[in-house]
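I opened this notebook to record what I looked up in one protein structure. The entries go from the whole chain to single residues.

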Amino acid sequence: MLSVNQKQGYFYIAVTTVFFSLMEIVLKFIGGDLNPVQVTFSRFFFGGLVLLPFAFNSLRRLEKEQIRMEAADLRYFAFLGLIGIVISMMLYQMATLHANASVVAVLFSSNPLFVLVLAYLILHEPIYMRNVIALLLDIVGIVFIIDPLHMDIEPLGVVLTLSATLIFAFYTVLGKRKCYKFGGVVVTCFGFLFGSVELIFLAAAGHLPAVADFLLAHGLQNFAYIPFFTGYTLQNLPMVLFVYIGVTGLGFASYFIAMEKTSANTAGLGFFFKPVLAPILAFLILHEYIPVHMILGIVFILCGSLTNILPGLLHKPSARSH
């Protein structure tokens, strides 16, 4: 019988899964009204603010163990924000403008498997045969989704999505170093805040005439004269708040709460279910057609995720002890 913590944990996993599965769909809706850079720095700034109380609570607990945040830690968070928010999430946001929401959602869901490879190369974490099999299944799934022989997906959308996925995996692996010290919620919160502030400064630089003229001359219109407050309407405000506060704030908060009440492997079920739920929601809401080759790709990615996560779930069926 499930404990109270486990029941609460599975509830938060469900909340996380729904939020994350709807993200690309809602970004599609607001993409025509708002600049992609504007959306990116806004949603991670507000998301970081939502996570801030959880982060301060974690830091207070760590102070009792004589673990304190230092200047070097803040510099590291600023570096993480540059990689994870300024670079990866900018590519991700632009990918939603050049590919179907379902394609972006499914490809980005393969991120945890790339984390395994990079963690092995950078952190020298062990990699097992099941991880290799999962990665191969994931690659096969990606090939099916792209369908290079009969490609009906805009190549730029695929390149942007895969680039965002790989860079975000790199950000995740580098963030693990600080997770060992501060925990995931602190690292995520400060990475979000630093990254969003860095992006705001870059957006401000795009208002300088010389910089704006250079960007416009090289076809980078989305990066010149980026609006800060315009584009918001009463019609798109509910969806904007859903992305800024719901997905980026409450979605990640639910993920970390689920991890605390269950385990990292169990909380990862959200990424396992997203490749299934996101295309279904995209079909129901955006009426996006799901071709056979994409269904096959989803099946392979699911098999890869299951191969990777199932052994951990079977070996850790109970809630994580504290």
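The entries below follow the order in which I looked things up.

**Entry 1: the model.** I noted that this is a predicted model, in which local features need pLDDT of at least 70 and side-chain atom pairs count only at pLDDT 80 or more, while totals for chains, interfaces and linings use all residues. I also noted that residues are numbered from 1 along each chain as its sequence is written, and that side-chain values use heavy atoms, with hydrogens and water left out.

**Entry 2: the whole protein.** I looked up the secondary structure and found 13 helices and 0 strands. Helices (H or I, at least four residues) and strands (E, at least two) are DSSP runs, numbered from the N terminus. I then checked the overall dimensions: the C-alpha trace spans about 60 × 50 × 40 Å along its principal axes. The radius of gyration is 20 Å, which agrees with the value near 20 Å for a compact globule of 322 residues. This radius is taken over C-alpha atoms, and the globule rule is 2.2 Å times the number of residues to the power 0.38.

**Entry 3: surface and interior.** I recorded an accessible surface of about 15200 Å², of which 72% belongs to carbon and sulfur atoms. Accessible areas come from the Shrake-Rupley method with a 1.4 Å probe, and for residues only the protein chains shown count as cover. Buried residues make up 50% of the 322 residues; buried means under 20% relative accessible area, exposed over 50%, and partly exposed in between. Among contacts (heavy atoms within 4.5 Å), I looked at those with a separation of 6 or more, and 86% of them join residues 24 or more positions apart.

**Entry 4: a nonpolar patch.** Which residues form a nonpolar patch on the surface? I listed Phe46, Leu49, Leu234, Leu237, Leu241, Ile245 and Leu250, with about 610 Å² of accessible area together. Patches are made of residues with over 30% relative accessible area and no salt bridge; like charges are joined within 9 Å, and nonpolar side chains (Val, Leu, Ile, Met, Phe, Trp, Tyr) within 5 Å. A salt bridge is a side-chain nitrogen of Lys or Arg within 4 Å of a carboxyl oxygen of Asp or Glu. Helix H2 (36-63) and helix H10 (237-261) are the elements that give two or more residues to this patch, and H10 gives the most, with 4 residues. Phe46 is found in helix H2 and is partly exposed because its relative accessible area is 39%.

**Entry 5: Ser42.** I stayed in helix H2, where Ser42 is found. Is Ser42 buried or exposed? Ser42 counts as buried, at 6% relative accessibility. Its side chain reaches the backbone oxygen of Gln38 at 2.7 Å. Not counting residues up to four places away in sequence, Ser42 touches Tyr232 and Tyr244.

**Entry 6: Ala212.** Ala212 lies in helix H9 (residues 209-217) and is buried, with a relative accessible area of 0%. Beyond four places in sequence, I found Ala212 touching Gly206, Ala224 and Tyr225. Ala212 and Leu123 are 89 residues apart in sequence and 40 Å apart in space, C-alpha to C-alpha.

**Entry 7: Leu277.** Leu277 counts as partly exposed, at 26% relative accessibility. Leaving aside its neighbours within four places in sequence, Leu277 is in contact with Thr17, Val18 and Ser21. From Thr230, Leu277 is 47 residues away in sequence and 32 Å away in space, C-alpha to C-alpha.

Conventions. Buried < 20%, exposed > 50% of the residue type's maximum accessible area, 1.4 Å probe, protein only. Polar contact = N/O pair within 3.5 Å; in protein donor to acceptor, adjacent residues only side chain to side chain.
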